[in-house]
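I opened this entry to record what I looked up in the model. The notes follow the order in which I checked things.

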Amino acid sequence: MSFFEKIKSVNQQIILPILNDGDFKIYIKREDQIHPIVSGNKFRKLKYNVKEAKDSNKDSLITFGGAYSNHLLATAYVGKKENLKTLAFVRGEELKNINYNSTLQKCNDFGMKFIFISRDDYRKRNEIDYINSIKNEFKDSYIIPEGGTNEFGVLGCEEILSIDDSFFDVICCPVGSGGTIAGIIKSSNDSQKVLGFSALKGSGINNVITKFTEKENWKIFDDDIFGGYAKIDSRLVDFMNEFFKNTGIVLDPIYNSKMVFKITKLIKSDQWEFGKKILLINTGGLQSVKEMNIKLKNKGCDIIKY
Ligand SMILES: *Cc1c(COP(=O)(O)O)cnc(C)c1O
């Protein structure tokens with residue numbers, strides 16, 4: 001049985017004391033429970049990419065990412081499970097000469113090989129000429145774009161929602177490269193609203209989404225991200241720890257915590273106009289907590305409890 005057939009997650013109701021209006025019904029989809037170290041949504045995006053690689057008789061996967069990328073880790077893991085070699089083009093030439101961080105170390109343990117490239121080269125990662133030169137050099141490899149976001153990645157993310165989820169007025173999901181939300185939009189009902197919470201500011205994500213779907217029942221927020229991608233402060237740490245105390249669920253510091261923070265802020269300030277039956281997609285990403293806590297400790301800040 002393929003590893004991908006085992007992917008399932010459940011909806012769990014959560015009670016947040018700060019939202020003391022009893023009318024709200026908030027559920028969280030536990031995509032974070034798909035695997036203990038690898039993010040749920042990254043498996044979703046790899047499912048049909050791996051099938052395509054195998055159908056076209058490739059024996060390895062090539063992909064792109066930064067040194068802390070959940071996508072690299074998922075690719076390394078899946079490659080090992082599915083008997084495909086893995087090679088990553090990693091942003092940052094300087095990393096060649098230093099010890100692997102914990103993400104790259106885990107990727108390495110799963111057999112992934114790395115090519116460290118300059119930031120200038122990394123910027124070319126989606127250019128056709130650059131991709132073709134890689135294809136020429138690695139003829140037996142299947143190339144997956146950064147974050148796993150392509151038509152196959154989106155197809156896998158269409159499986160996140162199930163028929164029962166038509167109960168909800170609104171579906172909320174964190175956004176990086178846009179593939180996850182694109183799949184969710186495609187499988188949502190027209191009467192539902194899909195809200196995306198971007199981890200990056202001004203990322204041009206709307207253009208990515210409209211490449212994959214013509215539906216218009218969605219909206220992106222990118223205005224409350226604590227100063228930028230992977231930035232954090234004590235307000236967010238306190239919020240995450242409070243959320244953990246109330247629900248028993250650990251949110252990751254890069255994506256899901258900022259999403260839930262923004263949603264509670266909108267509701268508390270009466271700016272929530274999207275209905276009271278809310279489904280939050282918890283995409284996981286907990287491997288970044290450890291790394292983040294090292295940074296927080298060095299700055300003398302409170303750390304994320306888990
Ligand atoms: C990659 C990632 C996302 C963003 O998904 P995209 O499809 O790239 O938008 C959200 N949450 C976590 C934990 C992730 O690792």
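The model is a predicted one, where local features need pLDDT of at least 70, side-chain atom pairs count only at pLDDT 80 or more, and totals for chains, interfaces and linings use all residues. Residues are numbered from 1 along each chain as its sequence is written, and side-chain values use heavy atoms, with hydrogens and water left out.

I then listed the surroundings of the ligand. The ligand is surrounded by 16 residues, the closest being Lys42, Lys45, Ser177, Thr180 and Thr283; a residue is near if one of its heavy atoms lies within 4 Å. I noted the make-up of the shell as 2 nonpolar, 12 polar and 2 charged residues. In this division Ala, Val, Leu, Ile, Met, Phe, Trp, Tyr, Cys and Pro are nonpolar, Asp, Glu, Lys and Arg are charged, and the others, Gly among them, are polar.

Lys45 has a polar side-chain atom 2.5 Å from an oxygen atom of the ligand. A polar backbone atom of Gly178 is 2.8 Å from a ligand oxygen atom. For Thr283, an N or O atom in the side chain is 2.6 Å from a nitrogen atom of the ligand. I also noted that the ligand taken alone exposes 380 Å², of which the protein buries 97%; these areas come from the Shrake-Rupley method with a 1.4 Å probe. Helix 1 (40–55) and helix 7 (179–187) are the elements that give two or more residues to the shell.

I turned to the domains, whose bounds come from an automatic or database assignment. The chain is divided into domain 1 (11–37 + 157–298) and domain 2 (41–148). Each of them gives at least three residues to the shell around the ligand. Their centres, taken over C-alpha atoms, are 26 Å apart. The contact (heavy atoms within 4.5 Å) takes 15 residues from domain 1 and 18 residues from domain 2.

Last, I checked Lys215, in the loop between helix 8 (205–212) and strand 9 (218–221). Its side chain reaches the backbone oxygen of Ser188 at 2.6 Å.

Conventions: Polar contact = N/O pair within 3.5 Å; in protein donor to acceptor, adjacent residues only side chain to side chain. Helix = DSSP H or I, 4+ residues; strand = E, 2+ residues; numbered from the N terminus.
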